[in-house]
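Dear colleague,

Please find below the structure that I am handing over to you. My notes on what was found in it follow directly after.

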Amino acid sequence: VALTGSERAGAAVAAEAGQALKKSTMELGGSDAFVVLDDADMDKAVEWAVWGRMENTGQCCVAAKRLILQEAIADEFVRRFKDALAKYAPGDPTDENTTLAPLSSHGALVLVQRQIDQAVEGGAKITLGGKRPDRNGFFIEPTILENVTADNPVYHQEFFAPVAMIFRVKTDDDVVKLANDSPYGLGGSIISRDVERTKRIARQIDTGMVFINRACWTAPDLPFGGVKNSGYGKELSELGIGEFVNKKLIRVA
Amino acid sequence: LLNERLVIPSGSVSNRRIEVSYQTINPFTEKLAKTFPEHSDAEMKAILAQADETFRNDWSQLSLADRKAVLKEVVRLFRERREEYAQYITLEMGKLITQARGEVDISADILEYYADNAEAFLAPETLTVAGGEVVVENAPLGVIFCIEPWNYPYYQLARVAGPNLMVGNTVIVKHAPQRAAVRARFRAPVHRRRRAEGALFQRVPIQRTGSTGDCRSACPRSGADGQRAGWRSGCRRGGPGTQEEHNGTGWQ
């Protein structure tokens, strides 16, 4: 049994598969860190963060959902990130010039509106967007949430929509601590000019994939999969073809 | 395209528990694009049995070269029909058309990657051990049941179908509630030229309410895995035959 979907679906199906003694792979949600270190190339950081949050209208398990910024670059990054997101305009998704697509369903829209409301009730500040545009289609404006504290109900939630949570931290240890403060561990990013430093941080993050100096993404030859509530097992690459195979031992005396 | 034993007109199945249609709502226009009826328990059991039968007596018995030829044909069709397939994604889940085209491309790339590399990945491995001659071979397991979401409807499926079809497993897909047209398109080319059409790649329904019954009993000896309804995902029968009738694109 191979499932890609929500934690709820994954838990139900994995339980059923377990009852029948069937192996399963689970590719579930994610809310990974997109980390920008203090020495990052800002053009690169902003470009990939925007792409990582907006690709597929934010409806991606490895999207850049939690932006963890070191203080030295945080103000400049947020200003540029906000300017870039503000340019997205809703339109017909079949038109090649449209930049903002609708969410996939009315249910998805209602869910993210509820999450935004919860975030604000919990003390978060909307610094961009937050509303459904007054027009047809299940659109939500690209949204930035700041001041999301650990006691906010959305702090551990996944936003499956173009909603970015911004966090500011001081040290590399703070980066690791906050990145790991999540029920998920699927695929994240670290942007920095010091590649050795990013590798050190990458090794300390409990997640399935870390992309250095670009947004997390996928290719046929890259193993894809997570840990914690993001599931288990790998898809794609040589690892992916080994999941549902009988590794049969044949021994001749 | 579809094994005729499995084409059961909507409403004709006596043990259908509930008459439910699933609806595809275009997320941009907010208008109903299509409705699809559910499968019945009987249909699902027939699908499971056929997936198992095809696994045992056909697909797992083929050479890697034969499987590769089928996958290559699917890749060719994906690329040939790129625009048509991309439009289905945009219609059903609202993805920007440029990104939808990219998804069709990467899906074809994944299938091609496994078609081209499976032989090397699956080569028997000789182990150096304390005694005897030892080799570890990669044998197929059976029917793989996959449940896939709406966000990357072709890509998610390609990740499971590519490797598993090359291994020699057969695949049953339970698609997301509003994605039947996409699935129909994915499935159709896989069936092409197959003598056991219908079981290599099947979409499966899980009824949204009530129990589907214990589907494991449909093929107790196989690797197939049935399940009861118990999570929120609904499903529909997209009736690939029906799809063809509706839009006349015709896979034949």
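**Salt bridges between the chains**

Arg159(B) and Glu27(A) are joined through their side chains by a salt bridge, with N to O at 2.5 Å; the term stands for a side-chain nitrogen of Lys or Arg within 4 Å of a carboxyl oxygen of Asp or Glu. This pair runs from one chain to the other, with Arg159(B) in helix H5 of chain B and Glu27(A) in strand E2 of chain A. Helices (H or I, at least four residues) and strands (E, at least two) are DSSP runs, numbered from the N terminus. Arg159(B) and Glu27(A) are both buried, where buried means under 20% relative accessible area, exposed over 50%, and partly exposed in between (1.4 Å probe, protein chains only).

Please note that this is a predicted model, in which local features need pLDDT of at least 70 and side-chain atom pairs count only at pLDDT 80 or more, while totals for chains, interfaces and linings use all residues. Residues are numbered from 1 along each chain as its sequence is written, chains are lettered from A and ligands numbered from 1 in the order in which they are written, and side-chain values use heavy atoms, with hydrogens and water left out.

Arg159(B) also forms a salt bridge with Glu235(A), the closest N and O atoms being 2.8 Å apart. Here the chain A partner, Glu235(A), sits in the loop between strand E12 (231–232) and helix H7 (237–241). Both Arg159(B) and Glu235(A) are buried.

A further salt bridge links Glu96(A) to Arg101(B), with 2.8 Å between the closest N and O atoms. It connects the loop between helix H3 (71–86) and helix H4 (106–121) of chain A, where Glu96(A) lies, to helix H4 of chain B, which holds Arg101(B). Glu96(A) is partly exposed at 49% relative accessible area, whereas Arg101(B) is buried at 14%.

Within chain B, a network of salt bridges links Lys72(B), Arg79(B), Asp109(B), Glu112(B) and Asp116(B).

**The interface as a whole**

In total, 65 residues of chain B are in contact (heavy atoms within 4.5 Å) with 62 residues of chain A. The buried area, meaning the accessible area (1.4 Å probe) that two parts lose on being put together, summed over both, is about 5,200 Å² between the two chains, and carbon and sulfur atoms give 59% of it. The side of chain B that touches chain A divides into 32 nonpolar, 19 polar and 14 charged residues. In this division Ala, Val, Leu, Ile, Met, Phe, Trp, Tyr, Cys and Pro count as nonpolar, Asp, Glu, Lys and Arg as charged, and the others, Gly among them, as polar.

Cys61(A) is buried at 7% relative accessible area, and Cys216(A) is buried at 3%.

Ser31(A) is located in the loop between strand E2 (25–27) and strand E3 (33–36) of chain A. Ser31(A) is buried, with 2% relative accessibility. Beyond its neighbours within four places in sequence, Ser31(A) has contacts that include Lys65(A), Glu158(A) and Tyr184(A).

With kind regards
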